[in-house]
Structure formats: C-alpha cells, structure tokens
Amino acid sequence: MRAKEQERVVIIGGGPSGLTAGYQLADSAIPVTVLEKHSIVGGIARTESYKGFSFDMGGHRFFSKSKAVNDFWDKLLADRFLTRPRQSRIYYRRKFFDYPLRAMNAFRNLGIIDSSLIMFSCLRWKAFPYKEETTFEQWVTNRFGKRLFKTFFESYTEKVWGISCSELSADWAAQRIKGLSLKTAVLSALGKKDKGIKTLIESFKYPEKGPGMMWEEVASQIVSKGSDVRLDANVTRIHRTGNKITKVETVDQKSKATSVLPGTDFISSMPLSELVLKMDPPAPEHVRRAAEKLSYRDFLTVCLIVNVENLFSDNWIYIHDSNVKVGRIQNYKNWSPKMVPNQTQSSLGLEYFCNEGDSIWNMPDQDLVELAKQEMQELGLLEVEDVVDGCVFRVEKSYPVYDSTYREHVAALREFVGEFDNLQTIGRNGLHRYNNQDHAMITGFIAAENIVNGTDTDVWAVNEDKQYHEELSTAESEQASLAAAQDPELTPLHSVPRNAAKPDDRESPLTDPTKKIERVVQPAQL
Ligand SMILES: Cc1cc2nc3c(=O)[nH]c(=O)nc-3n(C[C@H](O)[C@H](O)[C@H](O)COP(=O)(O)OP(=O)(O)OC[C@H]3O[C@@H](n4cnc5c(N)ncnc54)[C@H](O)[C@@H]3O)c2cc1C
C-alpha cells in the first residue's frame with residue numbers, strides 16, 4: 001500500500017493542464033509539486049503585464065461545452081468573470097469583412113463578379129472534387145471551392161502555420177472544421193441562427209484581468225492546500241529506471257542552482273518531444289529521431305500603448321493581406337476594460353506568427369515595435385504619433401504542427417511514454433494535439449483521477465477525432481465549425497471519452513466536478 005504521506009506527484013508545467021491536475025490532486029490531499037520554467041503561471045494562457053497594462057498572449061476566450069470545465073472555472077473565479085460580446089472582422093484587400101461571414105457584407109465587399117465566381121467555383125468543386133483529401137487545401141476546396149479557399153483561407157492559414165496549405169495535413173481541418181456543411185455555411189452567412197448558436201459564437205466568458213488571473217488563482221489554491229508551485233524551475237532532465245520515472249532535475253532560471261526532485265507519479269505538460277529528449281538514460285534512437293522530427297509554430301505579440309480612447313470595437317481583427325506581416329490584432333480593452341489602467345488610452349497586441357530563431361523572432365524589440373507601428377498605419381488603423389510606448393512578448397511552441405509526417409512520430413513517442421507506469425503526458429504540447437484550454441484541462445482531470453482512483457483512463461482519447469462524441473446538437477456543432485473554419489483557436493467542443501474506465505459506479509468528477517475526487521482504496525493498496 002502506498003501511504004498518502006509517502007506520495008509526491010511531480011507535475012511539469014504550470015499551464016492550464018498542469019495546474020488543473022495539480023488542483024485536483026491537492027484537493028484530494030495528495031501532495032504535488034508543480035514545476036514551471038517561467039516566472040509566472042498560465043503557460044500560453046498567461047497574462048503578461050507592462051506599466052499597468054495587461055496583455056493576453058493570443059486572446060483567450062473561456063468557452064466550453066464541458067460542464068466539468070465550466071463548473072471549475074465558475075468555482076475558481078465566480079464573479080470575477082465577465083461575459084463579453086464577441087466582435088471580430090477580417091481585413092482583406094483593404095476592406096473589412098464581418099466575421100463570421102455575413103452574405104450581404106461579403107457580397108458588398110467582393111462585388112458581383114467575385115461573388116459569382118466563388119459560387120461557380122464551389123459548384124465546380126462539388127461536382128468534381130479532389131479524389132484524395134490528404135491536405136488542408138484539398139479538404140477545404142472540396143467543401144467550398146478553390147476560389148473561396150483562396151479568398152478566405154489560404155493567406156491567413158499560411159501566415160499562422162508558415163507552411164503552404166498543400167503541406168498542412170487535412171487532419172487539422174478535420175479536427176477544427178468537422179461537421180460543417182455547405183448548407184449551414186450558407187444559412188449562417190444569411191444570418192440564420194438560433195439562440196443557442198448565438199450564445200456559442202457571439203459571447204464568451206473572460207476573467208476581468210485576462211486568462212492568467214484564472215491560473216494564478218488555481219496556483220494560489222494549490223499552495224493554500226499545502227502543495228507547492230515552483231516558478232523559474234526549468235526541468236532539464238528526467239531520470240528513468242525500467243518502466244518507472246524516478247526523479248527530475250531542475251535548473252532555477254534566475255540563480256542557475258540545480259535541484260533534484262523524486263516523485264511517485266509524474267505528469268508532464270511540457271512538449272512531448274522535449275520530455276523524451278531529456279530522458280536519462282536517453283530514449284532509444286528511433287524514439288529520439290521521432291522527437292526531433294516533431295515541429296512547432298511560435299508567435300510573438302508586439303504590444304502597443306496608444307493615446308486613443310476608442311480605436312475600433314472589435315475584440316480582434318484577422319489580417320489576411322499578405323503585404324503586411326501581422327496576422328491578428330487584439331484590442332485588449334474590448335476584452336475587459338480592466339486590461340488598461342486608465343480608460344483614456346488603449347492597448348493593442350499585434351500577433352506575428354513565426355519560428356523560434358527566424359528573422360522575426362530574433363528582431364530586436366525596438367525594431368518590432370517600429371514595424372508594428374508602421375503596419376498599423378499602413379492598415380489605416382492608427383497614426384504612428386498616437387503610439388506612446390510598446391513592448392514584446394515571445395511565446396514559444398504555441399502551435400503543435402500537423403504536417404504530413406507528424407502522426408507517425410507522435411505514435412512512436414506515445415508508445416514510448418506509454419511504457420512508463422507512473423508517467424502521464426497531458427495538455428496541448430504534452431499530447432502534440434491542438435487542444436484549447438478546456439481539452440487541456442480535461443486531460444488534467446483525467447490524469448489526476450487516474451492517480452487518485454487508480455483508474456486507467458486514456459488521456460490521449462480526449463479530442464481525438466475518431467473517439468470523441470459531440471456534446472452539441474448537429475446544428476450547433478455545424479455552426480461552431482463554421483466559426484472554427486477560419487479561427488484556429490475555436491474548436492467544436494468534444495467531450496471526454498465515452499468508454500472511460502471507471503473504478504465503480506460513483507459519479508466521476510469528470511461528469512460532476514463539484515464532487516471532490518475521493519480516493520478509492522484499491523485492493524492492491526490495502
Ligand atoms: C494564439 C493562441 C490563442 C488561443 N486562444 C484560445 C482561446 O481563445 N480559448 C482557449 O480555451 N484556448 C486558446 N488557446 C489555447 C490555450 O492557450 C492552450 O490550450 C492552453 O494554454 C494549453 O495548456 P497546457 O497546460 O496544455 O499548455 P501550456 O499552456 O503550453 O503550458 C505548459 C507549461 O509548461 C511549461 N514548461 C515547458 N517546458 C518546461 C520545462 N522544461 N520545465 C518546466 N516547465 C516547462 C511552459 O512554460 C508552460 O507554462 C490559444 C492558443 C494560442 C497559441
């Protein structure tokens with residue numbers, strides 16, 4: 001039997017998934033240590049700050065169809081959540097298109113000739129589709145026609161991913177745009193929506209000080225339950241013996257001091273490839289080769305502080321034009337007024353998608369601020385003189401890339417990590433899966449429950465297209481898919497695996513999170 005006091009779960013990563021797992025375990029009186037390499041928690045969903053302004057790394061809508069996730073959020077932040085209206089547009093050919101697309105607005109902007117060509121092209125590709133649908137381009141063209149693909153998908157998707165749409169796997173489209181029919185797209189563009197759909201797409205919850213507020217609250221509750229959240233703790237080595245992980249080594253990012261932390265169970269939300277490459281003794285060669293082949297996309301946010309009270313009413317604007325490098329512009333004040341210290345100024349986040357080490361990533365901050373100012377002026381969104389200050393935040397490995405070979409590499413890594421009976425990988429990069437906060441959190445719930453109750457539920461089944469089932473009605477899921485079609489961070493929401501193994505017939509915290517996870521004493525532990 002493993003006594004509680006002998007137990008120490010080590011969690012790598014203080015993002016949404018790691019902290020959710022940590023909270024659930026600490027709540028069940030199992031001591032945890034969360035190791036986070038940054039000096040703040042929240043991972044990609046952190047809130048950065050500069051001179052009293054708060055900046056969200058990407059614009060995080062709190063939006064889920066999972067009751068477990070919503071209840072967790074409500075329990076943690078309660079009345080510090082705002083419900084925000086969503087407004088976003090696409091900037092293309094010097095015009096603003098409503099987003100989600102609306103027929104009359106698109107028709108007016110494109111003109112009769114382009115609109116007719118889009119319709120003809122759609123009919124042509126419906127009649128004679130690509131026989132193979134292995135790439136993103138083929139997948140979208142078969143559903144909407146080549147011309148619509150070129151108008152509304154190609155340039156933005158290539159900005160985000162940095163690879164051609166003909167190299168991007170159709171898996172990504174299938175995961176993000178699943179269930180969308182042409183009929184729904186047309187009905188939606190004509191403005192035909194029901195009430196449920198309106199809620200789904202047109203408003204979202206948002207912590208008044210950005211997403212990091214949620215994750216700082218979770219971290220502080222973990223500490224108040226007697227567990228530990230260590231910041232600036234970069235995990236540099238993972239020791240293994242047989243089918244067990246024994247300890248991890250960390251380097252303090254500030255003092256450079258090394259320390260070693262043994263544990264009984266390990267949960268990792270760090271990138272899967274890095275986890276495997278940091279194993280000691282090293283993983284077998286074919287596994288290391290697979291890890292080296294996984295790729296990621298990174299991005300940076302250039303934040304501008306502007307002496308203008310109301311710049312535009314959108315939360316964010318997609319920039320499809322390829323004559324500027326910026327991909328998306330956030331207007332943080334429209335997410336929450338508390339993101340700015342005074343209402344006479346505004347703050348913007350210009351998102352540049354790039355690869356760690358490329359010319360954009362390496363550009364000095366001051367040059368990036370200048371570039372952002374110039375591009376805003378070129379887009380006609382502000383005058384350079386209105387910008388009073390700026391700063392830059394870099395977000396590494398923000399997107400796990402689904403290229404043509406990622407599946408086989410992930411499979412090799414999954415098989416290898418699956419051999420350890422006290423290691424679970426969770427979250428977005430921990431599973432190399434395009435998970436939003438809610439799916440990342442669900443993997444954290446499952447990992448914690450597996451430790452508390454001794455279950456063996458497969459975290460890899462969360463948000464895996466073959467195994468999930470939609471919680472939404474067909475119409476809702478099609479509408480959500482339509483929004484996701486052009487929005488890489490909005491997923492049609494999927495629930496936990498249907499066949500999740502349960503130790504007994506008690507209600508699982510996955511279905512009822514208001515219930516604390518209670519330890520089930522397994523015969524083996526007696
Ligand atoms: C531009 C953008 C917009 C987004 N918008 C939304 C949205 O609107 N709604 C939504 O729900 N989701 C959104 N997401 C997705 C959301 O950010 C992720 O789903 C979520 O952050 C994943 O949580 P995670 O814990 O799995 O991973 P992460 O957030 O990546 O956290 C992993 C943590 O591990 C730490 N770590 C890594 N290596 C080590 C190491 N060696 N030692 C110690 N610590 C380490 C990292 O520093 C990080 O804090 C968006 C993402 C992006 C990129």
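Biologist: Looking at the shell around the ligand, how do its residues divide into nonpolar, polar and charged?
Modeller: In this predicted model, the shell around the ligand is made up of 12 nonpolar, 17 polar and seven charged residues.

Biologist: And which ones sit closest?
Modeller: Of the 36 residues that surround the ligand, the closest are S17, E36, H60, R61 and N435.

Biologist: Which backbone atoms come up to the ligand's oxygen atoms, say at N435 or Q437?
Modeller: At N435 a polar backbone atom lies 2.6 Å from an oxygen atom of the ligand, and at Q437 a polar backbone atom is 3.0 Å from a ligand oxygen. The ligand, which exposes 1000 Å² when taken alone, has 96% of that buried by the protein.

Biologist: Which elements give two or more residues to that shell?
Modeller: Those elements are α1, β10 (residues 233-241), β19 (residues 387-400) and α15, and the largest share, three residues, is contributed by β10.

Biologist: Back to H60 for a moment: where is it placed?
Modeller: H60 belongs to the loop that runs between β4 (residues 53-56) and α2.

Biologist: Why does H60 count as buried?
Modeller: H60 counts as buried because its relative accessibility is 14%, and the cut-off for buried is under 20%.

Biologist: What is H60 in contact with, leaving aside neighbours within four places in sequence?
Modeller: With those neighbours set aside, H60 is in contact with I44, A45, Y206, P211, W335 and Q437.

Biologist: New topic, helix α2: which of its residues are buried?
Modeller: In α2, which spans residues 67-77, the buried residues are A68, V69, N70, F72, W73, L76 and L77.

Biologist: What do they pack against?
Modeller: The buried residues of α2 pack against the helices α1 (16-27), α9 (212-224) and α15 (437-453), and also against β5 (81-85) and β8 (203-207). After α2 comes A78, which has a positive phi, near 40 degrees.

Biologist: Last one: what is the mean pLDDT of the chain?
Modeller: The mean pLDDT is 86, with 82% of the residues at 70 or more. Over residues 466-486, however, the pLDDT is below 50, although this stretch has 75 contacts in the model beyond near neighbours in sequence. Residues 490-526 also have pLDDT below 50, and that stretch has 104 such contacts.

Key: Residues are numbered from 1 along each chain as its sequence is written. This is a predicted model: local features need pLDDT of at least 70, side-chain atom pairs count only at pLDDT 80 or more; totals for chains, interfaces and linings use all residues. Side-chain values use heavy atoms; hydrogens and water are left out. pLDDT is the predictor's confidence in each residue, from 0 to 100. Contact means heavy atoms within 4.5 Å. Buried means under 20% relative accessible area, exposed over 50%, partly exposed in between (1.4 Å probe, protein chains only). Helices (H or I, at least four residues) and strands (E, at least two) are DSSP runs, numbered from the N terminus. A residue is near a molecule or strand if one of its heavy atoms lies within 4 Å of it. A polar contact is a pair of N or O atoms within 3.5 Å; within protein, one must be able to donate a hydrogen and the other to accept it, and residues adjacent in sequence count only if both atoms are side-chain atoms. Accessible areas come from the Shrake-Rupley method with a 1.4 Å probe; for residues, only the protein chains shown count as cover. Ala, Val, Leu, Ile, Met, Phe, Trp, Tyr, Cys and Pro count as nonpolar, Asp, Glu, Lys and Arg as charged, and the others, Gly among them, as polar.
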